[in-house]
Amino acid sequence: MSQGQPRRPQQPAGQGENQEPIKYGDVFNVSGELANKPIAPQDAAMMQTAETQVLGQTQKGGTAAVMQAAATRNEQVGVVGHNDITDIAGEQGVSVAETDVAGRRIITEAVAGQVVGQYVQATPVMTSQVGAVQQNAITIGEALEATAKTAGDKPVDQSDAAAVQAAEVRATGSNVIVPGGLAATAQSAAAHNATLDRDEEKIKLNQVLTGATAKLPADKAVTRQDAEGVVSAELRNNPNVATHPGGVAASMAAAARLNENVNT
């Protein structure tokens with residue numbers, strides 16, 4: 001769920017030798033070496049190809065479109081050539097993956113292994129009435145199950161446990177942690193993982209969140225307020241004060257946006 005929409009690069013007022021390139025970190029929530037790399041034309045071409053292969057077409061206003069706009073600007077001001085490709089993107093590639101969860105498609109797009117875009121598309125369900133479409137709101141349990149797919153290999157840490165606890169509290173309407181429930185399991189997993197050094201030995205999110213709906217004593221449709229509460233919990237308990245791409249907070253935020261769209 002959700003990284004949200006990438007920030008569309010602003011067109012420069014004029015061109016000149018001092019024009020700074022648009023870098024990945026200027027328009028996407030990425031870090032490290034990738035954040036400082038200019039977006040190159042062939043990077044955008046690879047993402048366009050990946051979107052077309054997986055989704056059937058490039059997405060209007062989506063990741064590929066934003067990358068193309070940035071790459072075109074970078075080429076116009078002379079910081080990249082038309083056939084240039086960013087070394088890290090060329091080596092590690094780009095990807096577009098889709099996951100079906102409870103009648104919704106979660107689209108996750110990445111460059112060099114870092115998520116640059118994530119959003120949810122509703123998959124309409126036809127009813128017996130010709131032309132009628134039924135679309136139910138995404139529940140907190142379903143959003144947590146989506147996390148098991150989008151960030152399932154992530155070792156559970158304290159920020160994940162806090163986010164799961166906030167989600168359970170929102171679902172049940174009670175601050176009492178259910179013994180053996182999702183929040184308690186996530187907290188135990190985080191405490192266990194803190195004692196280990198090797199990620200492969202740690203408990204992963206998919207081990208905690210798979211089948212989340214059935215593990216919750218109560219459930220409800222995700223609202224913006226629910227998402228904000230979970231995002232806040234994850235941020236407060238992350239030393240970097242950031243949410244994890246595709247993690248619990250991102251999935252809740254994406255579900256809340258989709259639910260608002262369904263209800264409008």
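I am working with a predicted model, in which local features need pLDDT of at least 70, side-chain atom pairs count only at pLDDT 80 or more, and totals for chains, interfaces and linings use all residues. Residues are numbered from 1 along each chain as its sequence is written, and side-chain values use heavy atoms, with hydrogens and water left out.

Entry on helix 3. I looked up the stretch of residues 41–55, whose 15 residues should span 21 Å at 1.5 Å a residue, and I found the end C-alpha atoms 21 Å apart, which agrees; the expected span is 1.5 Å times one less than the number of residues. The buried residues of this helix (under 20% relative accessible area, where exposed is over 50% and partly exposed lies in between, with a 1.4 Å probe and protein chains only) are Pro41, Asp43, Ala44, Met47, Ala50, Glu51 and Leu55. Just after helix 3, I note that glycine 56 has a positive phi of about 90 degrees.

Alanine 112 has phi near 50 degrees and sits in the loop between strand 2 (104–111) and strand 3 (114–122), where it is buried at a relative accessible area of 7%. Valine 241 also has phi near 50 degrees, but its place is the loop between helix 11 (224–236) and helix 12 (248–263), and with a relative accessible area of 59% it is exposed.

Entry on helices 7 and 8. The axes of helix 7 (residues 158–172) and helix 8 (residues 182–193) come within 8 Å and cross at roughly 175 degrees, the axes being lines fitted to C-alpha atoms over the stretch in contact, with angles from 0 to 180 degrees between N-to-C directions. That makes helix 7 roughly antiparallel to helix 8, a term for angles over 145 degrees. In contact terms (heavy atoms within 4.5 Å), Gln158, Ala161, Val164, Gln165 and Glu168 of helix 7 meet Leu182, Ala183, Ala186, Gln187 and Ala190 of helix 8.

Entry on isoleucine 203. I placed isoleucine 203 in the loop between helix 8 and helix 9 (205–209), partly exposed at 25% relative accessible area. Its C-alpha atom is separated by 7.9 Å from that of alanine 190, 13 residues apart along the chain. Beyond its neighbours within four places in sequence, isoleucine 203 contacts Lys154, Pro155, Val156, Ala189, His192, Asn193 and Val208.

How values were computed. Helix = DSSP H or I, 4+ residues; strand = E, 2+ residues; numbered from the N terminus. Parallel < 35°, antiparallel > 145°, perpendicular 65-115°, else oblique.
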